[in-house]
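Q: I am new to this structure and would like to learn how to read its features. Please take them one at a time, general idea before the case.

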Amino acid sequence: MTQTQDHRPISVDALDRDSFYIDGRWARPATGDVIEVVSPHTEQVVARVPEGRPADIDAAVAAARRAFDEGPWPRTSPAERIEVVQRLSGLYAARLGDMAELITIEMGSPTSFANLAQSPAPWMQIEAFIAIARDFAWESARPGVLGSDVLVRHEPVGVVAAIAPWNVPQFTLVSKVVPALLAGCTVVAKPAPESPLDAYLLAELLDEAGVPPGVVNIVAGGREAGAHLVAHAGIDKVAFTGSTAAGRTIGAVCGEQLKRCSLELGGKSAAIVLDDADLTATMEGLRFTSFMNSGQACVAQTRVLAPRGRYAEVVDALAQTAASMPVGDPADPATEVGPMVARRQQERVTSYIEVGRGEGARLVTGGTGMPEGLDRGWYVRPTVFADVDNRMRIAQEEIFGPVVSVIAYDGVEEAVRIANDSDYGLAGTVWTADLAAGIDVARQVRTGTYGVNTYTMDFAAPFGGFKASGLGREFGPEGMAQYTEVKSIYTPPPAG
Ligand code: NAD
């Protein structure tokens, strides 16, 4: 592999790249293979970047391994690492608009969502992780039971493979790279082939912040590159966000090799509308939490559970909400639902709409076919199904598009049972006039996160899934701990 230091900063006007970020340099790829980034709105190629192959992953892992085994980073103090990440935070804050724009260009996230969540949220994560790192018990003494003291140390876990999906590409990359950095790890990050552009901007910001060579390496590529990275002998821990299917494969490899791994996977979350809920406020909440990022969100509330006495009212209100959302060009600030990331995703979502019809669910709004006024782009109409039984496939399987099912329940106990009748356990919400009743429901639903009359993730608190939604947690001190190994140092009891 030849290397080059030539460097043209990524900007929204010049998106093509010819190198990877390896060992603090812009490194030429091992092959001439190229990823074509296609706009989901125009269906035209908007950028070409190299496609990472196993030889590129090998180079990135070698650099990360050297930086971990011989470099200064794991041996710096938490305070020194915080200083570098603090610089990153300042640089990141200045590029929030560019970051959001890149994500809208590459994967079609509506600019309203991109500027609200796709770039501000990663920046908030950086700030939250800095605060957590300041207070984290990196090394603490505790009294032993045998008369001696024990020194308990959190040491960096080693070389981390950070693998991200396309739907919230920066969010999921930063949630791994930044705690890994603060813990003293080194990283090989692999963005998804649909969304490599934002990762180039992150590489530039890390470089400018003074992260030493080899500490973070970024190689975009597909499944083959990801699988090679996961199984690589030079990797100590895999931090993965993506589908449950890929998570199972990755978990099996890590189990076999006894590698540490954390898995953030799919969801099929239920929004429970209680009898006393204010429907106007509930619909405002669901408009966002069910359809955010055009429904391509792991935490989307895709099952709405309505009390039988108010079932028709909830179905009508949700159908009106879905039908009122502007669908179209993701760069238009008024757009609430943009295109699906790829043609295959559009086909997947519309095929589920056919499945729902075939299962006997009642299509209330939306359906297959292009939204009005659009004749190209990978769009799906915001769709609501009523008369859904929780055993139907549309209620059990993750569709990952703007398709919501409304399910009737009799009594809160049954609502909780239906919410829990899922392989997944990532998120959930309850909508009620009675906060205490809402918290009571929250306690009974088996998911890693839950919202009462809202769903706002908080980076001070752990995030992750029960059941098939994953293993381990991101964010909060619990998330930081996942980038550490814990060591106990025993000292002899004081003489005499
Ligand atoms: P995906 O599993 O197809 O791919 C995710 C990433 O893993 C990509 O970078 C891909 O190239 C790579 N990959 C795929 N198979 C791999 C393998 N066998 N070994 C190593 N790497 C592999 O998922 P996707 O379609 O990109 O993303 C959508 C999924 O991600 C949804 O299921 C969604 O719920 C989930 N997701 C979960 C969270 C969360 O925090 N729990 C957040 C966002 C997305």
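Q: Which elements each supply at least two residues of the lining of the largest cavity?
A: Rolling a probe the size of a water molecule over the atoms shows where empty space is left. A cavity is a set of points, on a 1 Å grid over the protein atoms alone, where a 1.4 Å probe fits but cannot get out, and lining residues have an atom within 4 Å of a point. Here S13, H14 and strand S18 (424-425) each supply at least two residues of that lining. Helices (H or I, at least four residues) and strands (E, at least two) are DSSP runs, numbered from the N terminus. The model is predicted: local features need pLDDT of at least 70, side-chain atom pairs count only at pLDDT 80 or more, and totals for chains, interfaces and linings use all residues. Residues are numbered from 1 along each chain as its sequence is written, and side-chain values use heavy atoms, with hydrogens and water left out.

Q: How many residues line the largest cavity, and which lie nearest its centre?
A: The lining has 16 residues, of which Ala270, Arg303, Ala419, Ala427 and Thr447 lie nearest the centre. By class, seven are nonpolar, six polar and three charged. Ala, Val, Leu, Ile, Met, Phe, Trp, Tyr, Cys and Pro count as nonpolar, Asp, Glu, Lys and Arg as charged, and the others, Gly among them, as polar.

Q: What volume does the second largest cavity have?
A: A volume is the space filled by probe spheres set on the grid points, which are joined across faces, edges and corners. For the second largest cavity this is about 50 Å³, while about 70 Å³ lies in the largest cavity. The structure holds three cavities of 30 Å³ or more. Residues lining the second largest cavity include Lys268, Cys298, Glu397 and Phe400.

Q: What is the phi of Phe400?
A: Most residues other than glycine have a negative phi, and most peptide bonds are trans. Phe400 has a phi near 65 degrees, a positive value. Its place is in the loop between helix H13 (393-396) and S17. Phe400 is buried, with a relative accessible area of 15%; buried means under 20%, exposed over 50%, and partly exposed in between (1.4 Å probe, protein chains only). Glu43 also has a positive phi, near 65 degrees, and is partly exposed at 27%. Glu43 lies in the loop between strand S4 (34-38) and strand S5 (45-50).

Q: In what order do the seven strands of the open sheet stand?
A: Two strands pair if DSSP finds at least two bridges between them. The order is S15-S16-S17-S14-S13-S19-S20, with mixed pairing. Strand S15 (362-367) and strand S20 (451-452) are at the edges, each with a single partner strand, so one side of each has no neighbour in the sheet. Strand S16 (residues 381-386) and strand S17 (residues 403-409) run parallel, joined by three bridges. Thr383 stands opposite Val403 in S17.

Q: Which strands does helix H14 lie across?
A: Axes are lines fitted to C-alpha atoms, for helices over the stretch in contact (heavy atoms within 4.5 Å). Angles run from 0 to 180 degrees between N-to-C directions. Helix H14 (residues 412-420) lies across S13, S14 and S17, at about 145 degrees to S17. Helix H11 (residues 311-323) runs at about 170 degrees to S17, and lies across S13, S14, S15, S16 and S17.

Conventions. 1 Å grid on protein atoms, 1.4 Å probe; cavity = no way out; pocket = protein on both sides within 12 Å on 5 of 7 lines; lining within 4 Å.
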